[in-house]
Amino acid sequence: MRSTLLLWGASFMTWMTLVVVAFWTPPLLQKAGMSARAAASVLAFNNAGGVVGTVLIGVILGWIRPHSVLITAFLVSAVLIAAMGMTIGYFPGLAIAAVFAGFFSSAAGGGLIAVAAGAYPADARATGVGWALGLGRLGSILGPLGAGFLVAQAWQVPRIYLAMACPALLAAGLVTLLARELASRPIRTT
């Protein structure tokens, strides 16, 4: 039960991170003075990085312990999401931060699905992963609402990006606890 709650929390934070960055990047960058075209370009860079990250995570998970990869991906994505807010005045830096933030956050999202599948026995796998993804989608609802609240409170854009990085940090912590929980389970042979 504890591993399920940790997985649900990590899924919630993952979807919050992915959707809030995608949803709020164009308006936040425009609020900071960028043109709509430049803001859309940054989002395109983020999404392009996400495509590559999602594809490569499958290969990487075959070579390295999945939990280690996920924890690293979440931590790096948090740093890069925060960097997006810090580099707004310098487009090349912002574009690079956006590409790699998309790469690592999407890789973490894809990798979490693989970890979720391994957390359940075969007869409960589809249900367990389905619930994790379903509850994760709640994060995709609450994240944009939270960012909207920060905008309404007149937070500066760099501070909002710092706040947007926090769910990825929390996901890294939850995956760390999940890895410990799963490692303490007896090995099942069926």
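At roughly what angle do the axes of helix α3 and helix α4 cross? The legends below take this up first, and every view comes from a predicted model.

**View 1. Helices α3 and α4 cross at roughly 150°.** Two packed helices are described by the angle between their axes and the distance between the axes. Here, helix α3 (residues 66-86) and helix α4 (residues 91-118) have axes that come within 8 Å. Angles over 145 degrees count as roughly antiparallel, so that is the term for α3 and α4. The crossing of α3 past α4 is left-handed.

**View 2. A salt bridge joins Arg2 and Glu181.** Side chains of opposite charge can pair when their charged atoms come close. In this pair, the N to O distance is 3.2 Å. The two partners belong to distant parts of the chain, 179 residues apart: Arg2 sits in helix α1 (residues 2-31) and Glu181 in helix α6. Arg2 is partly exposed, at 48% relative accessible area, and Glu181 is also partly exposed, at 22%.

**View 3. Val51, Val52, Val55 and Leu56 make a nonpolar surface patch.** The patch covers about 340 Å². Leu56, one of its members, lies in helix α2 (residues 36-61). With a relative accessibility of 36%, Leu56 counts as partly exposed.

**View 4. Ala154 has a positive phi.** Most residues other than glycine have a negative phi. Ala154 is not a glycine, yet its phi is about 65°. Look for Ala154 in the loop between α5 (125-152) and α6 (157-183). Its relative accessibility is 53%, so Ala154 counts as exposed.

Definitions and conventions:
Residues are numbered from 1 along each chain as its sequence is written. This is a predicted model: local features need pLDDT of at least 70, side-chain atom pairs count only at pLDDT 80 or more; totals for chains, interfaces and linings use all residues. Side-chain values use heavy atoms; hydrogens and water are left out. Patches are made of residues with over 30% relative accessible area and no salt bridge: like charges are joined within 9 Å, nonpolar side chains (Val, Leu, Ile, Met, Phe, Trp, Tyr) within 5 Å. Accessible areas come from the Shrake-Rupley method with a 1.4 Å probe; for residues, only the protein chains shown count as cover. A salt bridge is a side-chain nitrogen of Lys or Arg within 4 Å of a carboxyl oxygen of Asp or Glu. Helices (H or I, at least four residues) and strands (E, at least two) are DSSP runs, numbered from the N terminus. Buried means under 20% relative accessible area, exposed over 50%, partly exposed in between (1.4 Å probe, protein chains only). Axes are lines fitted to C-alpha atoms, for helices over the stretch in contact, and angles run from 0 to 180 degrees between N-to-C directions. Angles under 35 degrees count as roughly parallel, over 145 as roughly antiparallel, 65 to 115 as roughly perpendicular and the rest as oblique. A crossing is left-handed if the near helix is turned anticlockwise from the far one by less than a right angle, and right-handed if clockwise.
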